[in-house]
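Me: I would like to go through the labels given to this structure and ask what stands behind each one. Please show it to me.

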Amino acid sequence: MIDKKIIGDSIRQFRLKKRLSQEVISGLMGMARSCYSAMECGIFTPTLHTLFLVANALDVKPHEIVKVIEEQIDQE
């Protein structure tokens, strides 16, 4: 099973690269900021649907996020 922390860290990297706050991204997704924050902190694993919402809000393709997650796993 993939570590939830790796997924959250990967999503955080994209958000910081775009220089967007959690408030902005969660608003674009239609999600409460606290829920988005919990996802970035690795408290819960996003569903495939949520991953697509994140990617859309960050203006990236979902496979780009998955690629970063895979790279993080390979480094462990």
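Me: How many disulfides does a search of the whole structure find?

Reply: Zero, across the whole structure. A disulfide here is a pair of cysteine sulfur atoms within 2.5 Å. This is a predicted model: local features need pLDDT of at least 70, side-chain atom pairs count only at pLDDT 80 or more, and totals for chains, interfaces and linings use all residues. Residues are numbered from 1 along each chain as its sequence is written, and side-chain values use heavy atoms, with hydrogens and water left out.

Me: Why is C35 called partly exposed?

Reply: Its relative accessible area is 36%. Buried means under 20%, exposed means over 50%, and partly exposed is in between (1.4 Å probe, protein chains only). C35 therefore counts as partly exposed. C41, at 38%, also counts as partly exposed.

Me: What makes S26 buried?

Reply: S26 has a relative accessible area of 2%, so it falls on the buried side. The residue lies in helix 2 (residues 22-29). Helices are DSSP runs of H or I with at least four residues, numbered from the N terminus.

Me: Which residues does S26 touch, not counting those up to four places away in sequence?

Reply: M31, A32, R33 and Y36. Contact means heavy atoms within 4.5 Å.

Me: Is H63 buried or exposed, and how do you know?

Reply: Its relative accessibility is 55%, so H63 counts as exposed. H63 is found in helix 5. Its C-alpha atom is separated by 9.7 Å from that of L51, twelve residues apart along the chain.

Me: Why is helix 1 called oblique to helix 5?

Reply: The axes of helix 1 (residues 4-17) and helix 5 (residues 62-75) cross at roughly 125° and come within 9 Å. That angle makes the pair oblique. Angles under 35 degrees count as roughly parallel, over 145 as roughly antiparallel, 65 to 115 as roughly perpendicular, and the rest as oblique.

Me: Which residues make the contact?

Reply: Helix 1 supplies I6, I7, S10, I11, Q13 and F14. Helix 5 supplies E64, I65, V68, I69, Q72 and I73.

How values were computed: Axes fitted to C-alpha atoms, helices over the stretch in contact; angles between N-to-C directions. Helix = DSSP H or I, 4+ residues; strand = E, 2+ residues; numbered from the N terminus.
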